[in-house]
There are 2 protein chains.
Amino acid sequence: MRDVAIIGVGHTKFGRASKTSLELFSEASLQAMDDAGVVGADIEALFQGAALPGFEEGQVMPAAFSAAELNLGPIPATRYEGACASASVAIRDAAMWVSSGECDMVLAGGVEKALTMGTAFATRTFAMSCHTPTEGAVGLTFPGVFAMAARQYAKGYDMPLDSLREKMAHVSIKNHRHGALNPLAQFYKKMGNLKVEDVVNSMMVADPLTLMDCCPFSDGAAALVLCPVEDAKKYTDDPVYVLGTGQGSGSALSKMEDLTKPVSRIQSAKVAFKRARLEPKDIDMLELHDCFTIAELIALECLGFFEWGKAAEATAQGETDLGGKIPTNMSGGLIGKGHPIGATGASQVYWMVKQMRGEAAKGNQIDPVPEYGMTDTLGGDFGTLCHIILGRTKR
Amino acid sequence: MRDVAIIGVGHTKFGRASKTSLELFSEASLQAMDDAGVVGADIEALFQGAALPGFEEGQVMPAAFSAAELNLGPIPATRYEGACASASVAIRDAAMWVSSGECDMVLAGGVEKALTMGTAFATRTFAMSCHTPTEGAVGLTFPGVFAMAARQYAKGYDMPLDSLREKMAHVSIKNHRHGALNPLAQFYKKMGNLKVEDVVNSMMVADPLTLMDCCPFSDGAAALVLCPVEDAKKYTDDPVYVLGTGQGSGSALSKMEDLTKPVSRIQSAKVAFKRARLEPKDIDMLELHDCFTIAELIALECLGFFEWGKAAEATAQGETDLGGKIPTNMSGGLIGKGHPIGATGASQVYWMVKQMRGEAAKGNQIDPVPEYGMTDTLGGDFGTLCHIILGRTKR
């Protein structure tokens with residue numbers, strides 16, 4: 001098995017797009033190929049995450065048409081659907097095809113038109129990545145799932161709900177502040193100075209989660225070019241290494257013992273750390289799945305960055321911000337940057353690569369430039385989890 | 001890279017199912033695991049093809065919930081969507097993960113509830129795997145696509161359309177005859193004695209294709225257990241080797257020069273033959289994508305089994321039947337066995353394995369037992385192609 005590197009990255013503006021998914025994915029892909037200094041003829045396979053293209057634009061099997069749009073020829077082009085983790089699963093598989101020696105240069109990424117379809121329709125259709133027989137049947141959608149998780153968190157750690165709400169607000173404040181600094185973020189130059197009361201007093205969505213606890217639906221795409229490490233130096237002075245990946249799957253909520261400790265995430269992260277031969281203490285940055293503020297806290301604990309029940313207070317104390325113990329979602333995360341479902345995992349990797357090149361947006365760059373970073377992407381209500389650990393050096 | 005073998009197979013009855021997709025996939029998977037003599041704890045990853053579960057049952061990300069339903073634990077579980085080629089793409093990827101050494105035992109397959117959703121809704125939604133901006137916009141569906149292909153075939157080879165219709169009828173007659181002998185087929189014991197006039201005089205769907213030129217929509221699932229060849233003998237005396245796979249992608253029809261010579265199929269098959277170190281003359285059986293009678297003729301030529309324009313007459317002469325040059329779709333194919341979209345690729349592999357074990361249905365078994373076989377699966381109108389070459393011996 002060969003070591004794998006990322007040699008080029010591309011990312012559209014997140015928000016409301018007039019472009020189609022095909023156009024958005026092409027934009028990100030052409031940027032990534034240009035960034036890597038490669039052309040279409042160099043690309044041997046395409047790995048694309050897309051969650052709901054059939055509902056958004058009446059198009060399924062989008063990967064094939066993206067390959068055609070990009071003039072890549074009759075290469076293998078595969079669509080992966082793991083709800084919000086679609087792109088991460090695609091990237092993980094892309095890394096495997098390069099690592100195995102089967103491909104020497106591939107394009108991987110994701111795309112979604114989730115904002116254009118409207119919040120009501122998006123909420124209904126994305127809820128199909130819950131366990132439909134038991135959760136869809138009772139009308140459960142994701143704000144409801146994470147509201148339950150927040151209540152379980154508060155109860156489990158004997159924390160007054162209002163106290164948790166204030167601590168969760170710090171996730172929103174931090175991620176909106178960094179999103180406001182990120183020119184590609186949906187909320188660029190918006191909501192950069194939220195206060196706790198702005199978050200807790202905004203519109204209630206699913207008690208205790210307010211609108212400011214929730215990420216938005218977005219349109220957008222992100223893409224990467226991957227090749228073997230041995231070839232990477234031909235293309236770039238700053239290759240970023242894929243050191244380890246993990247993937248896990250969950251069950252219906254009714255079979256889960258504790259929404260704040262999803263086994264799928266714990267297991268997937270464990271595998272990724274093992275493959276990368278790293279531990280949480282080695283990691284300098286996280287891009288993790290803050291679909292709701294409580295989700296960021298749960299992820300921080302599952303990945304081993306804080307003891308159980310301690311991430312809320314640690315966040316309130318700034319330990320997940322610049323200069324803290326583990327800078328988290330310095331891109332703005334899903335909350336500040338936006339959440340184009342099938343693109344999110346690729347966007348997380350994009351911003352890790354930018355950080356490792358010292359090219360993050362002004363005010364968001366971690367100093368010193370991070371050596372190791374990790375993404376965490378969550379599909380549905382813990383149905384699919386995927387982790388990718390990257391590094392500037394090979395461990 | 002390690003060689004890979006199939007050590008267990010499972011297949012539900014195709015047709016109208018009262019079971020859900022989760023239940024159908026579990027049925028096929030438990031059969032496959034039982035056939036292999038393995039249990040859930042042995043399975044390290046799940047690779048599942050499913051084309052339109054969101055439209056059928058309001059469920060996306062089905063692979064995760066299948067893993068949960070089967071009690072496989074928090075293992076990676078990935079859904080692949082390549083329209084009708086979904087399962088083949090999943091199996092191809094599964095073989096890669098085993099071949100690379102990353103997994104020692106995996107489950108792969110596919111599932112669909114295409115019949116239960118009704119022909120009208122199924123036709124509309126599956127048409128989304130056409131190029132929506134140009135083909136969906138004009139209301140094109142697959143019968144129309146293949147009617148155009150039939151007309152191009154007749155015109156290209158200077159063949160009167162009525163003559164082609166009679167020759168295509170022999171595909172329908174052959175595949176219905178074998179489907180009628182296959183207890184798991186949708187048309188088991190039905191239409192086993194069609195005559196040319198039954199086919200050409202049945203209801204016109206898209207001129208020149210009648211109802212009897214078309215495969216049905218079906219519900220069903222099929223699954224396989226794969227492991228490295230070095231372990232296979234521990235589980236079975238009849239492992240079937242995965243000798244080579246290929247995958248290709250196409251474009252909008254408007255960019256295709258000739259619907260009867262899709263580059264995506266030619267390229268994908270070429271790769272599969274190269275990997276398997278085999279040529280068409282070495283292959284003893286085909287399970288190929290006869291979504292329409294004309295589609296079988298096109299596939300036979302693209303894969304190199306007949307000269308361009310010669311498959312129609314060869315079929316009429318029985319060269320693709322038992323005892324002919326290349327027995328094709330002895331399971332009944334999509335036309336006689338049924339077409340549960342996301343399961344079809346796995347069903348093709350299932351019936352190849354059954355043939356290679358000498359366990360095909362009475363009247364369908366090739367004699368002598370085939371040594372090498374090949375599947376061909378087509379997603380959409382040449383958007384995704386996938387080929388899998390299997391063998392009883394390692395080449």
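1. Chain A carries 14 helices and 11 strands. Its radius of gyration is 19 Å, close to the 21 Å that the globule rule gives for 395 residues, so chain A is as compact as a globular protein of that length. Note that this is a predicted model.

2. Overall dimensions of chain A come next. The C-alpha trace spans about 60 × 45 × 40 Å along its principal axes. Buried residues account for 66% of the 395 residues in chain A. Take the contacts in chain A between residues at least 6 apart in sequence: 77% of these join residues at least 24 apart.

3. Now the interface. Chain A gives 51 residues to the contact, and chain B gives 51 residues. On the side of chain A that touches chain B, at least two residues each come from helix 2 (53-57), helix 3 (62-69), strand 3 (77-81), helix 4 (86-99), strand 8 (240-249) and helix 10 (263-276). That side of chain A divides into 22 nonpolar, 23 polar and 6 charged residues.

4. Strand pairing crosses between the chains. Strand 3 of chain A pairs with strand 3 (residues 77-81) of chain B, in the antiparallel sense, over 3 bridges. Which residue is the bridge partner of A:Arg79 in strand 3 of chain B? The partner is B:Glu81.

5. B:Leu52 deserves a look. This residue sits in the loop between strand 2 (45-49) and helix 2 (53-57) of chain B. Is B:Leu52 buried or exposed? It has 25 C-beta neighbours inside 10 Å, and the cut-off for buried is 20 or more, so B:Leu52 counts as buried. Leaving aside residues up to four places away in sequence, B:Leu52 touches A:Gly54, A:Val60, B:Thr125 and B:Phe126. B:Lys337 is 285 residues from B:Leu52 along the chain, and their C-alpha atoms are separated by 20 Å.

6. Helix 6 of chain A (residues 142-156) passes a length check. At 1.5 Å a residue, its 15 residues should span 21 Å; the end C-alpha atoms are 21 Å apart, so the two values agree. Just after helix 6 of chain A, A:Asp158 takes a positive phi of about 55 degrees.

7. What does helix 6 of chain A pack against? The buried residues of this helix are A:Phe142, A:Pro143, A:Val145, A:Phe146, A:Ala149, A:Ala150, A:Tyr153 and A:Ala154. They pack against helix 5 (119-126), helix 7 (161-181) and helix 11 (293-302) of chain A, and also against strand 5 (204-206) and strand 6 (209-210) of chain A.

Methods. Residues numbered from 1 in each chain as written. Chains lettered and ligands numbered in written order. Predicted model: local features only at pLDDT ≥ 70, side-chain atom pairs only at ≥ 80, totals over all residues. Helix = DSSP H or I, 4+ residues; strand = E, 2+ residues; numbered from the N terminus. Rg over C-alpha atoms; globule rule 2.2 N^0.38 Å. Buried ≥ 20, exposed ≤ 12 C-beta atoms within 10 Å, placed from the backbone. Contact = placed C-beta atoms within 7 Å. Nonpolar A, V, L, I, M, F, W, Y, C, P; charged D, E, K, R; others polar. Pairing = 2+ DSSP bridges. Expected span 1.5 Å × (residues − 1).
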